Amino acid sequence: MSRRRLLGTAGAAGATGLVLGAAGGATGYAASQDDAPAALTSVGSTEVMFHGKHQPGITTPLQARGHLVAFDLAPGAGRKEAAALMRRWSAAAQRLMAGEPLNGGTAHDTGIALDAGPSSLTVTFGFGATFFERTGLTGHRPPGLDPLPPFSADHLDAGRSDGDLWVQIGADDALVAFHALRAVQKEAAAAATVRWQMDGFNRTPGATARPMTARNLMGQIDGTGNPQPADSDFDQRVFVAARGDDAAYDWLAGGSYAVVRRIRMLLDDWEKLPVKRQERVIGRRKADGAPLSGGTETTAMDLDKAGPDGKLLIPDNAHARISSPERNGGAAMLRRPFSYHDGMSSDGTPDAGLLFICWQADPLRGFVPVQRKLDRGDALSPFLRHEASGLFAVPGGAADGEYVGQRLLEA
Ligand code: HEM
């Protein structure tokens, strides 16, 4: 974590920190001369490191803006072109995440993000199953990339699903996020073309005086049950361990698998439910996220507790019960979504919902068993429609001087 990151975190944790950052120029980007650019607040100056054991954008706090974009390698492009592309993308991501403009190359800087600092920008890269065929690297395709099974809630649009390459961009400033998106698209040059793109958002950091779990577009506090980095089994659940026994997949050590689902919310139906019914669908209170078995947001759910009428306080089909690790043989994932709204459909209903992204060391011990179970009897399912799906292997972070995916592409 850099000095700016620390300052940023401290600033975001309290309104006073933000004011200080803005008025006093307390951050690393502060300017003292009158003709210098305006000082940045902690929002603008917060920098996430590009290099590290893991790629950024996995354990990074949720950002206010997100772009998800999948690319297919261009006809004729193979391993060599893919390696050059990952090298270009990594170099651009590193500069932009540091708040620096691009310095030439295919994409000269557009100036869109000038004045805004790094704004917690993260750029994360992943490979879809088809990438390995295109690059002649099928021997290195990990079993975790086997296709997801079909689910009854699926209404998947193939054109907005899958892809050879996947890029997740997040930032706390919309211009910074768009700037990175343009850079990534332009650096793709002749090597890859956009297959699909989705745009999302979350609450702006600093809007609340202390960091709070985000809400989704159904109004629920969403993310409470996530594994926490301080948990002793966090790494084991979220990141792929070095195997030692099988060199073919060594390149994925420190990496993770991202399952990406565009889940439309049928908001007109949902909003007709009285709040009490909405709470029983999830098993948690809407106002504060506390389990219906009592306590506060962080109190563990008591799945066996019954009310005076003998009925379970957290109903049998409640979403939080069905998806809980204790009911799924410990299956857990780190959910790190963005909300989306793509306007109104012709029937007047909002095309809105969740860009559900979950991270796990093994999709067969994370998303798959949980979604299977949700598919069979989740009280939330009638209000959702899974419209697009992707599964990507996300390599570990690049070491200094390395580009993302180098250990695979130069294996
Ligand atoms: C738009 C779709 C969805 C919405 C609105 C939604 C909403 C919620 C809410 C409000 C909670 C309770 C608070 C929390 O622990 O975060 C929750 C928990 C959870 N959800 Fe979802 N969810 C959705 C889709 C999914 C999917 C597709 C999966 C995985 C297949 C999933 C897995 C989980 C898990 C693992 C928990 C935590 C359970 C626990 O720790 O006890 N959710 N969800």
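Ala, Val, Leu, Ile, Met, Phe, Trp, Tyr, Cys and Pro count as nonpolar here, Asp, Glu, Lys and Arg as charged, and the others, Gly among them, as polar. With that in hand, the shell around the ligand splits into 12 nonpolar, 10 polar and two charged residues. Please keep in mind that this is a predicted model.

**Around the ligand**
- The ligand has 24 residues around it, and those that come nearest are Gln-220, Gly-225, Ser-323, Ser-324 and Gln-371.
- Two or more shell residues each come from strand S5 (256–265), helix H10 (319–322), strand S8 (350–360) and helix H11 (367–377).
- H11 supplies the largest share of the shell, with four residues.

**The largest nonpolar core**
- This core holds 93 residues, and Val-123, Leu-165, Ala-180 and Val-184 touch the most other members.
- Helix H4 (residues 79–97) is the top contributor, giving eight residues to the core.
- Beyond its neighbours within four places in sequence, Val-184 makes contact with Val-69, Trp-89, Ala-92, Val-123, Val-167 and Ile-169.

**A closer look at Tyr-340**
- You will find Tyr-340 in strand S7 (residues 338–344).
- Setting aside residues up to four places away in sequence, Tyr-340 touches Met-198, Asp-199, Gly-200, Ala-352, Gly-353 and Leu-355.
- Met-198 lies 142 residues from Tyr-340 along the chain, yet their C-alpha atoms are separated by 8.0 Å.

Notes
Residues are numbered from 1 along each chain as its sequence is written. This is a predicted model: local features need pLDDT of at least 70, side-chain atom pairs count only at pLDDT 80 or more; totals for chains, interfaces and linings use all residues. A residue is near a molecule or strand if its C-beta atom, placed from the backbone, lies within 6 Å of it. A nonpolar core is a set of buried Ala, Val, Leu, Ile, Met, Phe, Trp, Tyr and Cys residues joined through C-beta atoms within 7 Å. A residue is buried if 20 or more other C-beta atoms lie within 10 Å of its own, exposed if 12 or fewer, and partly exposed in between; C-beta atoms are placed from the backbone. Two residues are in contact if their C-beta atoms, placed from the backbone, lie within 7 Å.
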